[in-house]
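Work through two exercises on the structure shown here. Try each task before reading its solution.

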Amino acid sequence: MIVVMKVGTPELEINRVGEELTTWGLTPEKIVGQSKVVIGLVGETASLNPEQIQEVSPWIETVLRVEKPFKRVSLDYRHGQPSDVVVPTPNGDVVFGLNNPIVIVAGPCSVENEEMIVETATRVKAAGAKFLRGGAYKPRTSPYDFQGHGESALELLAAARDASGLGIITEVMDTADLDKIAEVADVIQVGARNMQNFSLLKKVGAQSKPVLLKRGMSATISEWLMAAEYILAAGNTNVILCERGIRTFDREFARNVLDLSVIPVLRSLTHLPIMIDPSHGTGKAEYVPSMAMAAIAGGTDSLMIEVHPNPAKALSDGPQSLTPDAFDRLIPELAVIGKAVQRWETPVPVFA
Ligand code: PEP
Ligand code: MN
C-alpha cells in the first residue's frame, strides 16, 4: 500500500503519519519524489481499509494498494517516480536513472593480469566509460575452465581503479566473499546464474554497496523483479537491473536472445534503472554495436560492454569482446543515438 501525501505537507506531519502507522504494525518507508512525498507500506495490509488510513491525516491525498506481487520495486510503490542510483566513484558521483545521461560500463570478462586490466581501464576511460567491469570470481559452465583469479584479482581491480579513477563493477558468487569484494567494488554484480540465489540476494541487500542484478538466463520478468524485491526488502534500494539475453532454441548464430522489449516492459513495472549487456546478449563482438545502439534508442539507462586488449587470447568470452580500438569506434556511433534521445553528456573523444 502507499500513502500519497499532498504537495506541501509539513515534514513534521509526514513523520507523525509514519509513527502512527508504525503503531499499527506496519513498516512505513518515506519516499521523497520530485514534487510529492509518498509513504510506502509493506506488511499485513490486506485486512486494512484504505479509508481507515486516510483518516490519519487531512494531509493525505490518497491511499492506494500495490496490486503486484513485487511491492518495493514496483513503479506504483513510488507513485510512478523513477529512482536514481547514485554511485560514488573516484571521479565523482555517477547516476544511473531515467533522467540522466547513459552510463557506459566496459571491461574484460575476467581480470587476467595487472597489465591487461590497467590498460583496458585506461583505454575505456579515455573513450568515455564511467565504470570498469571485470570478474575476479567467474561462474563457468565447466569446472575445468578458468575460474578467475579470485582475491588476487580484487587487488588488480583496485590498482586499475587507482590508475583510472573509474568505478569498479565485479561479481560476487559466494556470500563468504562478499565483504572483501565490497571493499573494492563500487557496484556489486549478481550474475545471471545466481539471480535466484536467495541467500546471496539477502546478503547483498543487507550491505550498502549498489547491486547490479543480472537477469537469469531463463528467468521471467516477474521472477527477476521478485529477485530484486529480495534485495530491497533486505534494506538496499540501490539496485540496477541488467538484461543480458535469455535462452534461445536457436544458438547457431547468437549465444542468447537479447530481450530489448524488456526496456519498455520494465519501465511500465518498476522504478529501478535499467542496463543492457549486448556482449553476453549476443555472444559475438560483431553484433554488439548494433544492439548497443538499439538499446540506447529503446531507452536504456546504461550499457555493459566487454572489452579486451587481445580478445583472441582472452581466458573467457573472447568472441564477444571488443578490442579497445573497436570500442573507440563504437562510442561516437552510440553518441549519435544518445544525443538524439537527449541522454548523452560527455563530449565524444576524437581518436586518431
Ligand atoms: C559476466 O558479466 O561476465 C557474466 C558472467 O555475466 P552473466 O551472469 O550475465 O552470464
Ligand atoms: Mn563474460
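Conventions come before the exercises. This is a predicted model, where local features need pLDDT of at least 70, side-chain atom pairs count only at pLDDT 80 or more, and totals for chains, interfaces and linings use all residues. Residues are numbered from 1 along each chain as its sequence is written, chains are lettered from A and ligands numbered from 1 in the order in which they are written, and side-chain values use heavy atoms, without hydrogens or water.

**Exercise 1.** Find which residues come nearest to ligand 1.

*Solution.*
1. Arg133, Lys138, Ala192, Arg193 and Arg244 come nearest, out of 13 residues around ligand 1. Here a residue is near if one of its heavy atoms lies within 4 Å.
2. Look for polar contacts (N or O atoms within 3.5 Å). The Arg133 side chain places an N or O atom 2.7 Å from a ligand 1 oxygen. For Arg193, the distance to an oxygen of ligand 1 is 2.9 Å. Lys214 also has a polar side-chain atom 2.9 Å from a ligand 1 oxygen.

**Exercise 2.** Identify the protein donors of the manganese ion (ligand 2).

*Solution.*
1. Donors are N, O and S atoms within 2.8 Å of the metal (3.2 Å for Na, K and Ca).
2. Cys109 (SG), His280 (NE2), Glu306 (OE) and Asp317 (OD) qualify, at 2.0 to 2.4 Å.
3. Their sequence spacing is C-x170-H-x25-E-x10-D.

Note on methods:
A polar contact is a pair of N or O atoms within 3.5 Å; within protein, one must be able to donate a hydrogen and the other to accept it, and residues adjacent in sequence count only if both atoms are side-chain atoms.
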